[in-house]
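Please consult the sequence and the model alongside each answer.

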Amino acid sequence: MTYLEPLYSIKVTCCNCEREFVTSRVRPSLKRAVRRDADFCSYYKEENPDYYVVRVCPFCGFASTENSAGKLAEWQRKAFSERVGSRWQSRDFGGKRSWAEALETYKLALLSAQCIGDKERIVASLLHHIAWMYRYQGDTEQEQRFLHYSLESYINVFERDGIAGNDARLMFLIGELNRRIGWFNEAVKWFSRLVNDQKIMDTAMIRAAREQWAIIREQMLGDQGGSSAGTEPLRGVL
């Protein structure tokens with residue numbers, strides 16, 4: 001039986017310096033998760049595709065994902081150059097990545113997105129992925145820290161963009177992240193809002209919200225009321 005290398009290379013053009021570089025991806029046929037957490041964090045038997053979401057230009061250091069801004073304005077290039085590019089020492093993340101290297105690419109992508117003022121939804125997703133990276137390592141303190149950041153960012157997305165038709169997944173994520181950081185009353189509010197909104201037709205997300213709502217009831221009973229107050233969302237990431 002022929003062994004299939006899990007990684008393959010693609011060529012990408014940097015949207016900052018416009019030079020071409022190579023980055024790796026996991027073959028689609030091997031992207032089979034063995035299990036998945038309620039907030040969509042997936043676990044894989046072999047190579048983890050999440051390690052290869054970010055593309056880092058080895059020439060200028062600009063890091064992005066497929067969903068990031070496609071072309072930068074001059075002010076964005078200048079902002080990135082002042083904060084990152086001027087201090088960048090060439091590094092190649094194009095091959096196989098360790099956990100530490102994958103984490104570094106996400107933090108570079110977050111910094112790049114913040115420099116250019118990318119969409120809040122992109123920033124929220126990067127913060128959430130960083131929380132997953134720490135979860136993979138069992139680092140609960142750092143995971144919780146970045147779950148707080150991503151929750152705050154997802155709420156900003158919701159408040160700025162509105163429900164965008166019926167963004168059930170976003171509402172579910174806000175509820176689930178509230179649950180994961182122990183803000184049970186807030187989580188219930190969001191799950192209830194999702195379940196009871198007549199405009200939302202996403203049956204999978206409605207069902208998931210009901211399931212997590214039931215888990216919260218068990219958690220609150222177990223904790224004799226849980227931790228509903230919490231603290232103010234954290235600011236200042238890196």
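Q: Which residues does R135 touch, not counting residues up to four places away in sequence?
A: In this predicted model, R135 touches D37, D39, C41, Y43, E143, L147 and R180. R135 itself is placed in helix α3, residues 120–136.

Q: Why is R135 called buried?
A: The relative accessibility of R135 is 11%. Buried means under 20%, so R135 counts as buried.

Q: What makes the pairing of the R135 and D37 side chains a polar contact?
A: The two side chains meet at 2.8 Å, and the cut-off for such a pair of N or O atoms is within 3.5 Å. The term therefore applies to R135 and D37.

Q: How do you know that strands β1 and β2 pair?
A: At least two bridges are required; β1 (residues 7–13) and β2 (residues 20–26) have seven, in the antiparallel sense.

Q: Why does the largest nonpolar core lie between domain 1 and domain 2?
A: This core has 58 residues, and F172 and L194 have the most contacts inside it. Helix α3 gives the most to this core, with eleven residues. Domain 1 (7–161) and domain 2 (164–223) both give residues to this core, so it lies between them.

Methods:
Residues numbered from 1 in each chain as written. Predicted model: local features only at pLDDT ≥ 70, side-chain atom pairs only at ≥ 80, totals over all residues. Heavy atoms only, no water. Helix = DSSP H or I, 4+ residues; strand = E, 2+ residues; numbered from the N terminus. Buried < 20%, exposed > 50% of the residue type's maximum accessible area, 1.4 Å probe, protein only. Polar contact = N/O pair within 3.5 Å; in protein donor to acceptor, adjacent residues only side chain to side chain. Contact = heavy atoms within 4.5 Å. Core = buried A, V, L, I, M, F, W, Y, C linked by side-chain atoms within 4.5 Å. Domains from an automatic or database assignment.
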